[in-house]
Amino acid sequence: MWSATWPKEVEGLARDFMNDYIQVNVGSDGLKASTHVKQNVELIEGHQKMGRLAEIMQQINNGDRILVFAQTKRTVDNIVQDLRRAGVPALGIHGDKNQGERDWALAEFKIGKQNVLVATDVASRGLDVKEIKWVINYDFPQDVEDYVHRIGRTGRKTKDGFNEGNAISFFSRENYSKARKLVEIMKEAEQAVSPELEQVAMSSHAGRGGSSRYQRGGGGGGRRGGFRGGGGGFRSGANNIPLGGGR
């Protein structure tokens with residue numbers, strides 16, 4: 001069997017269906033993020049995310065390819081609609097799109113005819129598009145392994161070296177249980193970690209994921225205000241974004 005990754009679920013499949021299997025790893029079998037991706041994590045609440053995304057898009061949308069990840073199909077559609085209303089052409093792909101729609105959107109993105117693509121995790125693994133400059137995690141993924149795969153859509157090897165890329169991730173209270181592992185991944189990739197994120201990782205909330213009143217703020221609920229609502233500068237705890245390019 002062949003697998004691009006070796007999580008516990010795949011390891012369990014190998015044990016269940018193969019007798020005395022031999023495991024051969026190509027490269028590292030550990031979970032590592034590329035050092036060619038500049039990682040930025042912003043501590044932000046769910047209702048602020050849409051306005052903050054608008055601000056970021058106004059600053060970085062200079063023709064570079066931008067891949068935005070959301071957790072649900074509905075949120076993908078909402079983001080695409082609001083981007084278009086704001087004058088930013090964008091395409092969306094998710095599991096409810098038929099194969100023809102997904103192929104067309106991906107082809108437009110690959111050739112650079114459209115430079116903004118919003119997607120669920122259907123695009124987090126196996127997607128090979130050259131020169132994606134920015135990955136934005138509008139919704140932080142369910143686990144840190146998916147985070148590594150998402151941001152790995154940029155910072156990829158080229159014939160001349162590496163495509164230096166940037167990743168911006170919105171990190172809300174419902175994500176706090178992942179803070180400790182996220183900080184480990186960032187430090188291993190030689191990334192700067194904000195004091196605010198460090199504090200979250202060390203706090204008692206890191207084991208419980210925050211209170212339930214904040215858990216309602218993520219995902220599609222962030223649509224309140226859209227691109228017409230708040231925003232207003234960098235959030236508390238946000239790393240300063242190196243606008244205009246790579247590391």
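This is a predicted model: local features need pLDDT of at least 70, side-chain atom pairs count only at pLDDT 80 or more; totals for chains, interfaces and linings use all residues.
Q: Is Asp-20 buried or exposed?
A: Exposed means over 50% relative accessible area. Asp-20 has a relative accessibility of 77%, so the residue counts as exposed.

Q: What is the phi of Asp-20?
A: Asp-20 is not a glycine. Still, its phi is positive, at about 50°.

Q: Which loop holds Glu-190, and what is its phi?
A: Glu-190 sits in the loop between α6 (179–188) and α7 (195–202). This residue is not a glycine either. Its phi is positive, at about 60°.

Q: Is Glu-190 buried or exposed?
A: The cut-off for exposed is over 50%. Glu-190 has 60% relative accessibility, and therefore counts as exposed.

Q: Which helix holds Phe-17, and is the residue buried or exposed?
A: Phe-17 belongs to helix α1. Its relative accessibility is 68%. Because of that value, Phe-17 counts as exposed.

Q: How much accessible area does the nonpolar patch with Phe-17 have?
A: Phe-17 forms this surface patch with Met-1, Leu-13 and Met-18. Together, the accessible area of these residues is about 440 Å².

Q: How far apart in space are Lys-157 and Glu-131?
A: Lys-157 lies in strand β6 (residues 157–158). At 57% relative accessibility, Lys-157 counts as exposed. In sequence, Lys-157 and Glu-131 are 26 residues apart. In space, their C-alpha to C-alpha distance is 9.7 Å.

Definitions and conventions:
Residues are numbered from 1 along each chain as its sequence is written. Side-chain values use heavy atoms; hydrogens and water are left out. Helices (H or I, at least four residues) and strands (E, at least two) are DSSP runs, numbered from the N terminus. Buried means under 20% relative accessible area, exposed over 50%, partly exposed in between (1.4 Å probe, protein chains only). Patches are made of residues with over 30% relative accessible area and no salt bridge: like charges are joined within 9 Å, nonpolar side chains (Val, Leu, Ile, Met, Phe, Trp, Tyr) within 5 Å. Accessible areas come from the Shrake-Rupley method with a 1.4 Å probe; for residues, only the protein chains shown count as cover. A salt bridge is a side-chain nitrogen of Lys or Arg within 4 Å of a carboxyl oxygen of Asp or Glu.
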